[in-house]
Amino acid sequence: MIQLVFSRLAASLLVIFGASVLVYCIMYLLPGDPVLLMLDPSSATPEMIANLRAQLGLDQPFYIQFANYFGDMLRGDFGQSMVNSDPVLPKIVEHFPATLALTALSSLIAVTIGITLGVLSAIHRNGVIDVVARLVGLFGISMPTFWTGILLILLFSVQLGWFPAMGSDGFSSLILPAATLGLVGAGFIVRMVRNSMLEVINEPFIVALRAKGLSERTIMYGHALRNALIPAVTVIGMLIGDLLAGTVVVETVFSRQGIGRIIADALMAKDLPVVQGVVFFTSIIYVVLNLLVDISYAYIDPRVRRAVRT
Amino acid sequence: MNRSISWIKAVALAAVLAMVLSGCGAASGGKTSGAAQASAGGGQAGKAEGGNLTFGLATSPDTLDPHRSGLAVAVRAIRTIYDNLVVQLPDGSIKPWLAKEWSVSKDGKSYTFKLREDVKFHDGTPFNAEAVKYNLDRVIDPATKAANSLALIRPYSSSEVIDEYTIKVNLDAPSQAFLGNLSQALLGIVSPTAAKKYGDQLGKNPVGTGSYTFVKWDENADIVVAKNKDYNWGPETVENKGAPYIDTITFKIVPEEATRIGSVQSKQVLAAESVPPQNIAALKSDPNQQLLQANTVGLPYTLFFNLRRAPWDNVKVRQAVQSAVDVESIVKTLYLGNYERAWSALSPGILGYDKALEGSITPDINHANQLLDEQGWVKGADGIRVKDGKKLSLRYVDGSPNREKRNDIAAIIQQQLKPLGIAVDIVITKDIASVIYQNWDYDLYGNSQVNSDPNALYAFYHTSAEGERPTLSGLSDPKIDQLLEQGAVETDSAKRVDIYSQIQKYLIEQAVILPIYVFPYTVAASKNVEGIQFDSLGYPLFNDVRIQP
């Protein structure tokens, strides 16, 4: 187990490094000059432009710029926003809880709806609940996130007046955005769980358990479900990463504060330090999530543990 | 089965985490906006006082430092915090505000202002001639990095403090636009104490003399201003010259238009700006809502040909495009009859607007084809015209995102020019700074400007000086240069009207531009919100606002 954690951890560090190199290269190669975006093109003199460029270290060769940037990151210095000179790290730290809350609640909604519907639809195959589950799956996968969000606003804020349409003030404003993302996630999980549950139900060990005379309930929820969840856990882990990415759209639609909104704005303004800071930060989160998925995988499925040991 | 119990535990933990974090987020995010609904204090109908006006903004302001701002959206908030020396009424006349009276020297190059003596900045700094001098000098100081305010203050050169409440302002050249420009929010008067203290962070800590004082700004969430209880110097554009009736205004930043309108309809905010055309009809028929509309004044949304690049330096080729583009149907299709179509380089309502241009251009595809045929552009096998082995293509650049459906205008024009044999290459980019202003890599590019004086044309059509930024059209005609120079200084307003009408006629006849639409500033508000006014440029004013319970 410890060995598994360590090998995964080493791989994770590589992934974080790779992600930061990639982002740096992409931002470096994108057309457009950040210095010209910062200064008013009509009044800036060439001298002002050159000074600012030197001040930001943008006149250095690529590898030196990258080394400086990466070294600063490791020391926890994520630099300053080019747009309003706010330090990047405190900005991320300030806005991260809102995004984490959104991701947590939407994961919860996705997992609850996904697993419940997935299992029930497999057990009651071709019944009413199966049709509902398949519709939810189709809806979640095929609807664009912003569209779902706007539909929910029209129904639950404008028509019914139950929840606020926007903002990030308290729990009630969290429900619609989390439901929007949660529905997308649920779509994936329903299909995954339903399929793997159907596969498991037809395996010989279920027949053996029936022959042993166990109740159908024990067989389904005690044995089949546990086996069906193994592939589902992997999907759920990846999905939480997707949900984190989905906050970019959802936070904009619902005018929420959060790191998704920060990165959307920073990309538009070509605010390099902010984009890099957020990506560095989120790549760490992704990696930690993956690590957790791998560990829980081993926890649910003893075969994985044994495989690592030998 | 203890495994399933740990699943439940994990799920419960996630739920608790979500709740705790959203609570934290709200606590650090802002408390004042918590209720969102206005809690109007008692009083009889028409006399309601107190309450919080929530107002949805379409984009995030760049800064609340008026001298450094370049965005119209920032002006909605800036207007509440700062006052100006003078105010311009919708009929174009200039009236006192922080300046009680003024006189102009015979040569038109210096203005002497007598200032009000009872005005104080929000931080207690007294308002006087020194403060005004500091402000004017601050705008032209390169260290301020002034944006649009710099163009407004020109040809300012210096000012002299005559006595505590008298200031003499000197110009390099006479200017008929100068006094009107002093009424614009971007030349609002900031507290010298605060400006010195905060430097380039004044935009986050704004201090003025306005009817509202700054409370806080949470990035991407909201800007809060509160009533200035000592306020007693409102301009003629508002009825209430004293302190505002309501306690606070919370400007909420809501970029997604469906959400913005949804939050007015659900009463989460009491008013929101920039109503999309498709929602206007529904709002007008909603008994709980009202729709307020003010046409903005200045330069309408106009497409500029880049005259520096062939073949667009040829007037006949430009005229062909002018005849082929059906502006009427573009504006009707995209804005459903809610936007007015523009006919001239100026918008209606501004001094010198030439009404005679209305209806002057009608789409005529045969004429357009004929013009191109005459110029030797022949249709090739693919339907695109060719001359000397070069295809007739037009690089149409627009900024992202699709503000006021401007990307859609590009797409329609592309379709309309196809039958004419012109290949329109649409480039949507956020990087306008380098594509347009640095590399001049466009044939057609659209822009608009809010302004109170026809002298705004100068910056767009006067030949640019050596080393200065070229104009969007690249027009360089001595005749027009001369007219623009005369227009800037002419004191006889009938002569001024004539000068600007000549310029407008020329720009249409020479097809330098394609004017598209006049932008109406729209606000959707709950019926119980009364008294939102607009200034002469179409910006909202909140001094008279009352929220009925």
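Colleague: How many helices and strands does chain A have?

Modeller: Chain A has 13 helices and 0 strands. Helices are DSSP runs of H or I with at least four residues, strands are runs of E with at least two, and both are numbered from the N terminus.

Colleague: What kind of model is this?

Modeller: It is a predicted model, where local features need pLDDT of at least 70, side-chain atom pairs count only at pLDDT 80 or more, and totals for chains, interfaces and linings use all residues. Residues are numbered from 1 along each chain as its sequence is written, chains are lettered from A and ligands numbered from 1 in the order written, and side-chain values use heavy atoms, without hydrogens and water.

Colleague: What share of chain A is buried?

Modeller: Buried residues make up 47% of its 310 residues. The term means under 20% relative accessible area; exposed is over 50%, and partly exposed lies in between (1.4 Å probe, protein chains only).

Colleague: Which charges does chain A carry on its side chains?

Modeller: There are 19 positive and 19 negative side chains. Lys and Arg count as positive, Asp and Glu as negative; His and the chain ends are not counted. The centres of the two sets lie 18 Å apart, with each charge placed at NZ of Lys, CZ of Arg, CG of Asp or CD of Glu.

Colleague: What makes the pair of Tyr339(B) and Tyr517(B) tilted?

Modeller: The ring centres are 5.4 Å apart and the planes are at 50°, so the pair is tilted. Both Tyr339(B) and Tyr517(B) are buried.

Colleague: Which residues of chain A form one aromatic cluster?

Modeller: Phe17(A), Tyr24(A), Phe66(A), Phe70(A), Phe78(A) and Phe280(A).

Colleague: How do you know that Arg546(B) lies over the face of Tyr245(B)?

Modeller: The rule wants NZ of Lys or CZ of Arg within 6 Å of the ring centre and within 35 degrees of the ring normal. Arg546(B) lies over the face of Tyr245(B), at 3.6 Å from the ring centre. Arg308(B) lies over the face of Trp440(B), at 5.1 Å.

Methods: Rings of Phe, Tyr and Trp (its six-membered ring) pair if their centres lie within 6.5 Å; planes under 30 degrees apart count as stacked, over 60 as edge-to-face and the rest as tilted.
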